[in-house]
Amino acid sequence: MIRAHIDFMLEAWFHRALPTGGAIDITSLVVFLNGTTDAPHFLMELIQGGPSSLVVLLDLFPRRDLPVHPDYIDKYYGATSVDAHRINIEKIPQVRPYVSPSLLVRSLWSPTAVVVDIQCGEQGKEAALEEIVRGQLAHSAAELLHVWLNKCAGSVEEMEETEKEILVARDKMISTTSVKLNLSANLPKIFDKHVSDRVVAEIDKAFRGP
């Protein structure tokens with residue numbers, strides 16, 4: 001069962017009207033697998049700061065150091081052809097690369113990650129963004145999730161106990177660090193500092209486990 005391989009799942013939606021006008025919406029789906037496999041995690045995040053703009057983060061989050069494990073790249077990224085989705089999305093005229101301000105976060109993405117900023121222009125361009133979201137973006141997200149469910153979520157990898165412990169420790173270090181960086185950067189835009197700190201602390205506790 002796929003459920004038996006899931007270590008942690010975060011589904012979140014935040015909405016907040018901004019004092020300057022407008023609103024920010026953040027939708028996240030993050031699924032971390034446990035030590036029964038070294039297959040990638042699944043990550044999708046949508047950050048909308050205006051009616052005609054959207055930041056998209058979509059990836060099979062690698063759990064191995066890729067330069068040291070080229071077979072891992074072939075198995076989960078090459079053989080599955082997931083890079084085609086990044087290529088197709090980046091061909092959309094309104095799409096440009098998104099660069100995270102965090103050097104650590106940038107180092108964690110796979111080479112096939114969709115990390116883009118969709119800018120459809122000024123007032124009245126909401127329809128153009130909706131067309132992109134319902135079209136290529138929805139298609140790519142669904143296909144990537146399909147690959148993850150079929151090739152990653154149910155897989156079992158034979159590993160030595162020491163190797164498994166190293167993998168799990170790496171997962172926890174990356175998850176707790178990245179969630180702090182991500183949420184600490186975005187939550188203060190939505191809640192006051194006291195509420196933001198409490199939310200980050202509770203999610204951090206869930207990632208770390210007992």
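Q: Which residues have the most contacts inside the largest nonpolar core, and how many residues does this core have?
A: Val56, Leu60, Ile118 and Trp148 have the most contacts inside it, and the core has 29 residues. A nonpolar core here is a set of buried Ala, Val, Leu, Ile, Met, Phe, Trp, Tyr and Cys residues joined through side-chain atoms within 4.5 Å. Strand 2 (23–33), strand 4 (53–61), helix 1 (70–78), strand 6 and helix 4 each supply at least two of its residues. Helix 4 gives the most, with eight residues. Another core, of 19 residues, lies apart from it and includes Phe8, Phe14, Trp109 and Ile174.

Q: What should I keep in mind about the model and its numbering?
A: Happy to say: this is a predicted model, in which local features need pLDDT of at least 70 and side-chain atom pairs count only at pLDDT 80 or more, while totals for chains, interfaces and linings use all residues. Residues are numbered from 1 along each chain as its sequence is written, and side-chain values use heavy atoms, with hydrogens and water left out.

Q: Why is Ser110 called buried?
A: Buried means under 20% relative accessible area, exposed over 50%, and partly exposed in between (1.4 Å probe, protein chains only). Ser110 has 6% relative accessibility, so it counts as buried. Ser110 sits in the loop between helix 3 (103–108) and strand 6.

Q: What makes the pairing of Ser110 and Asp59 a polar contact?
A: The term covers a pair of N or O atoms within 3.5 Å; within protein, one must be able to donate a hydrogen and the other to accept it, and residues adjacent in sequence count only if both atoms are side-chain atoms. The side chains of Ser110 and Asp59 make such a contact at 2.5 Å.

Q: What makes Arg64 and Asp38 a salt bridge?
A: The term needs a side-chain nitrogen of Lys or Arg within 4 Å of a carboxyl oxygen of Asp or Glu. For Arg64 and Asp38, the closest N and O atoms are 3.0 Å apart, and the pair forms a salt bridge. The two partners are 26 residues apart, with Arg64 in the loop between strand 4 and helix 1 and Asp38 in the loop between strand 2 and strand 3 (41–50). Both Arg64 and Asp38 are buried.

Q: Why are Arg86 and Asp83 about one helical turn apart, and which of the accessibility classes does each fall in?
A: They are three residues apart in helix 2, so about one helical turn separates them. Arg86 is buried, with a relative accessible area of 19%, whereas Asp83, at 23%, counts as partly exposed. Their closest N and O atoms are 2.6 Å apart, and they form a salt bridge.

Notes:
Helices (H or I, at least four residues) and strands (E, at least two) are DSSP runs, numbered from the N terminus.
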